[in-house]
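Hi everyone, thanks for making time. I'd like to walk you through one structure, so please have a look at it while I talk.

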Amino acid sequence: MHEMAITESVLKIALTEAARAGAARVTGIRIRMGAYSDVVPAVLRDYFAVAARGTAAEGAALSFVRVPVTMRCRACGWQGEIEKRHIACKNCGGTDLQLLTGREFYVESMEAD
């Protein structure tokens, strides 16, 4: 159920930025999210529709940009995209990996009028 708290944060960001820009209505919100963020977009959309009722963001469309999981192998230096189900270096098979991308979750941009 962490999607509800996340939804409330996204809504707060959108309303704050809309007010700062003097916009009367938020029409779209673009969210950048990593594959390891563990947020379900469909659930976030549903919660957002409920949370935004009666606000300047009511009816705003949410869109998502997925960020793949990328790692750097500490053993051989390989860097690249990795599958969530097979966490090992594609070069040497090592598992001493540093996460580079994949945990992101933030409002990238929004549209308002």
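Let me start with a pair of side chains: Arg74 and Asp96 meet in a salt bridge, with N and O 3.2 Å apart. Arg74 sits in the loop between E3 and E4, and Asp96 in the loop between E4 and E5, so this pair ties together parts that are 22 residues apart in sequence. Both ends are partly exposed: Arg74 has 45% relative accessibility, and Asp96 has 43%. Do keep in mind that this is a predicted model.

How many salt bridges does a search of the whole structure find? The count is five. As a quick reminder, side chains of opposite charge can pair when their charged atoms come close.

Another one joins Asp113 and Arg25, where the closest N and O atoms are 3.4 Å apart. Here Asp113 lies in the segment after strand E6, while Arg25 is in the loop between H1 and E1, so the pair ties together parts that are 88 residues apart in sequence. Asp113 is partly exposed at 48%, and Arg25 is partly exposed at 43%.

Then there is Glu108 with Arg32, whose closest N and O atoms are 2.6 Å apart. Glu108 has a relative accessible area of 31% and Arg32 one of 24%, so both count as partly exposed. Salt bridges with shared partners also bring in Arg30, giving one network of Arg30, Arg32 and Glu108.

Now to the strands. E3, E4 and E5 form an open sheet in the order E4-E3-E5, with antiparallel pairing. Which strands stand at the edges? They are E4 (79–81) and E5 (97–101); each has a single partner strand, so one side of each is left without a neighbour in the sheet. On average, neighbouring strands here are turned by 30° against each other, ignoring direction. E3, residues 70–73, pairs with E4 over three bridges, and Thr70 has Glu81 as its bridge partner in E4.

Elsewhere, E1 (residues 26–34) and E2 (residues 61–67) pair in the parallel sense over seven bridges, with Gly28 standing opposite Ala61. Together with helix H2, residues 41–51, these two strands make a right-handed β-α-β unit.

Beyond its neighbours within four places in sequence, Thr7 is in contact with Leu44, Tyr47, Phe48 and Ala51.

Definitions and conventions: Residues are numbered from 1 along each chain as its sequence is written. This is a predicted model: local features need pLDDT of at least 70, side-chain atom pairs count only at pLDDT 80 or more; totals for chains, interfaces and linings use all residues. Side-chain values use heavy atoms; hydrogens and water are left out. Two strands pair if DSSP finds at least two bridges between them. Helices (H or I, at least four residues) and strands (E, at least two) are DSSP runs, numbered from the N terminus. Axes are lines fitted to C-alpha atoms, for helices over the stretch in contact, and angles run from 0 to 180 degrees between N-to-C directions. A crossover is right-handed if, with the strands pointing away from the viewer, the path from the first strand over the helix to the second runs clockwise. Contact means heavy atoms within 4.5 Å. A salt bridge is a side-chain nitrogen of Lys or Arg within 4 Å of a carboxyl oxygen of Asp or Glu. Buried means under 20% relative accessible area, exposed over 50%, partly exposed in between (1.4 Å probe, protein chains only).
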